[in-house]
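Here is a short briefing on a structure.

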Amino acid sequence: MKPQPIVDARAVHKHFGALHVLKGVDLKVAERELVFVIGPSGSGKSTLLRCLNRLEEPSSGSIVVDGIDMLDPRTDINHARQRIGMVFQSFNLYPHMTALGNVTLALRKVAGKSRAEADRLGRAALERVGLADRADHTPGQLSGGQQQRVAIARSIALEPRVMLFDEPTSALDPELVGSVLEVMRSLRESGMTMVVVSHEMGFARNAADRVVFMDDGLIVEQGPPAAIFETPTQDRTRAFIGQIQRH
Amino acid sequence: MTTWDRFVDTFFNGKVMLKYLPDILWGVVVTIELAVLIVLSGLAAGLALALLRSLAIRPLNWLIIFIVDLFRSLPPLVIIVLMYFGLPYAEVSPSGFVSTWLSLAFVLMAFSEEIFWAGITSVHKGQWEASRSTGLSFGQTLMNVVLPQALRLTIPPLTNRTIAITKGTALGTVVAVSEILGAASSAMSNSYNPSPLMMGAAAYLVLFLPVVILARRLERRFAWKK
């Protein structure tokens, strides 16, 4: 028997008013898998990601993450979200707190750790992203790449079962992208299940288990990176891959 | 007598000043009491309304907006007079002190609610999302993430408004509260000499200058470190 997928989304629809953004998306993600979601802007990939932890409320469909029915009104959504880390394009660090403060807030308020225990776990998480020496800096004193790594630390400190990355390097200067990808690669090596929406095709090629191509609210094609990038079967995939590889 | 001597005799008459000094000092005490009460209750109520408003319950928000707009449009003097002379017809007779306190507290509540609300809404949506995505509840996010940021933004407009409304304690004169201005003007009519008014002016300066300076330092302290 195949093991239960960690993420199991079925027939997910999302309407924003008259706009039909997701038109019945199915996505399964297995444990320790890194799934890369690509597609033109407006294809619904970010919306899909945001539906997975219910930052966006799907209009219909079902989403089960780590055995928890995310759309069941009886589900304690705050409890469920602890197990789903999310990293945003614009970092969204809390500007009034230090790096350590950012990482420990949910540890204390949600996971119920004491301050000392939260600090210990928080420092360990910062260590993992290579920023142990920046624990007492505020976001304003950190570079974009460092801020994004703190944001990753903020999520992994809670020991999530799956991590969602929403264009994590799109807001970064090119020379800062590498440090963030490096952290993502080491996360992957530690066995983290990851769903990544990104345009970093090089990273997708050598780190992803599977690439999912979305267009117009639907998954058009998916498969191993080599297959999607070298021998796409769908015209739309071919056109998109051709466009991004010209740059 | 030179012109200067006559000026001093009129506006800074030592004998008159000495005689009415205790009255003015009492006025200072009353003004401080009023000011502290107005600031504490007005800001607390304003913040409470802004927090209620963030729950986004439609009918409740309409009510809040109506109350806030009402108290922002009415001149404070009108509210004080209505409360002092009008409420007795409803079998409630607040003293002049209570009327002044509550009226100005309502006005400060209304203005500060708008300022707090503007602060809350100006915090970027991504802050909510980041916090909620780590499992913090709506209330925890509001208190730990959004409000601390919102309050920093609100400090400059809030201090200005607070000082302006607190000076409105002088309106208490109309309903026989002997705060600084009240004490000074009755001393002035008793002594046929405006020296007490000068003492009152000095008292306002002594009271409010430190507040204004403190406000400026607060603003600097809470400016973003970029």
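Contact means heavy atoms within 4.5 Å. By that rule, 20 residues of chain B touch 22 residues of chain A. The model is predicted: local features need pLDDT of at least 70, side-chain atom pairs count only at pLDDT 80 or more, and totals for chains, interfaces and linings use all residues. Side-chain values use heavy atoms, without hydrogens and water.

**Interface of chains B and A**
- Buried area is the accessible area (1.4 Å probe) that two parts lose on being put together, summed over both.
- Here that area is about 1800 Å², with 57% from carbon and sulfur atoms.
- In chain B, B:Glu129, B:Ser133 and B:Thr134 lose the most area to chain A, together 30% of what that side buries.
- The count of salt bridges (side-chain nitrogen of Lys or Arg within 4 Å of a carboxyl oxygen of Asp or Glu) between the chains is one.
- B:Glu129 and A:Arg50 form a salt bridge through their side chains, at 2.6 Å, N to O.
- α6(B) gives the most to the side of chain B that touches chain A, with eight residues.

**Sheet in chain A**
- Helices (H or I, at least four residues) and strands (E, at least two) are DSSP runs, numbered from the N terminus.
- Strands pair if DSSP finds at least two bridges between them.
- Four strands form an open sheet in the order β2-β1-β4-β5 (chain A), paired antiparallel.
- β2 (19–29) and β5 (68–69) of chain A are at the edges with a single partner strand each, so one side of each has no neighbour in the sheet.
- Five bridges link β1 (residues 7–16) and β4 (residues 60–65) of chain A.
- A:Arg10 has A:Ser62 as its bridge partner in β4(A).

Technical notes: Residues are numbered from 1 along each chain as its sequence is written. Chains are lettered from A and ligands numbered from 1 in the order in which they are written.
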